[in-house]
Amino acid sequence: MTKRIIVGISGASGAILGIRTLEALRAAGLETHLVVSKSALLTISSETDYTAAQVRDLADVTYKSENIGAAIASGSFRTLGMIVIPCSIRSLSEIAYGNTTTLLTRAADVVLKERRKLVLVVRETPLHLGHLKTMERAAEIGAVIAPFMPAFYTRPQTIDDIVNHTVGRVLDQFDIDTGAIKRWGEQVPAIGES
């Protein structure tokens, strides 16, 4: 079976995280299926130098967010799972409660029902209790909640360092090693080691 993974880019701030994920998956030789929400098109243009077309070109297959008849909307279309990066609170809520209104959230729901891995890189702060309970609900039904929280033990020098480490840790969830992260106790000495 071809190793496929679905990438969803929602409208939360942090579009570069989704873009870097596509680049890393391409370098790793995986087939990527991309769905970008309408809101994400705005964040891509406002936060990065990429055009929507350039982002789509990073994926093997792209889908419009309103195309609920797409292959990734069916459980019979086999994938390793899905990453929603960045994941807005709206997308998180739709996924957690099965109220899917777009292809992005429908595909995530399918991944969960098929017991495949779904990683949600929530990018919002601060969080109220409703957000936290929604994350709890998503975790209860099988999602991995991986909020964007930079690691500083790597001593990042640039935003790219932070983005690469975050994407690497997300891909660790699928046993995909990008080679771009410094690991505690390996490249970075653990406390008490020299």
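Biologist: Which residue of β5 is the bridge partner of I83?

Modeller: Ground rules: this is a predicted model, where local features need pLDDT of at least 70, side-chain atom pairs count only at pLDDT 80 or more, and totals for chains, interfaces and linings use all residues. Residues are numbered from 1 along each chain as its sequence is written, and side-chain values use heavy atoms, with hydrogens and water left out. Strands (E, at least two residues) and helices (H or I, at least four) are DSSP runs numbered from the N terminus. In β5, I83 is bridged to V119.

Biologist: And how does the direction of α4 sit relative to β5?

Modeller: Helix α4 packs on the sheet and touches β4, β5 and β6. Contact here means heavy atoms within 4.5 Å; axes are lines fitted to C-alpha atoms, for helices over the stretch in contact, and angles run from 0 to 180 degrees between N-to-C directions. With β5, the direction of α4 makes about 150°.

Biologist: What is the strand order, and which strands are at the edges?

Modeller: Two strands pair if DSSP finds at least two bridges between them. The open sheet has 6 strands, paired in parallel, in the order β3-β2-β1-β4-β5-β6. Each edge strand has a single partner, so one side of it is left without a neighbour in the sheet; these are β3 (61–63) and β6 (144–145).

Biologist: Is L120 buried or exposed?

Modeller: L120 is in strand β5. Leaving aside neighbours within four places in sequence, its contacts include V84, L92, I95 and V144. Buried means under 20% relative accessible area, exposed over 50%, partly exposed in between (1.4 Å probe, protein chains only). L120 has 0% relative accessibility, so it counts as buried.

Biologist: Which side chain makes a polar contact with the side chain of S13?

Modeller: S13 is in the loop between β1 (4–9) and α1 (15–27), and at 33% relative accessibility it counts as partly exposed. A polar contact is a pair of N or O atoms within 3.5 Å; within protein, one must be able to donate a hydrogen and the other to accept it, and residues adjacent in sequence count only if both atoms are side-chain atoms. At 2.7 Å, the partner of S13 is E47.

Biologist: What is the relative accessible area of S91?

Modeller: S91 lies in helix α4 (residues 89–97). Beyond its neighbours within four places in sequence, S91 is in contact with S10, L104 and T105. S91 is buried, and its relative accessible area is 9%.
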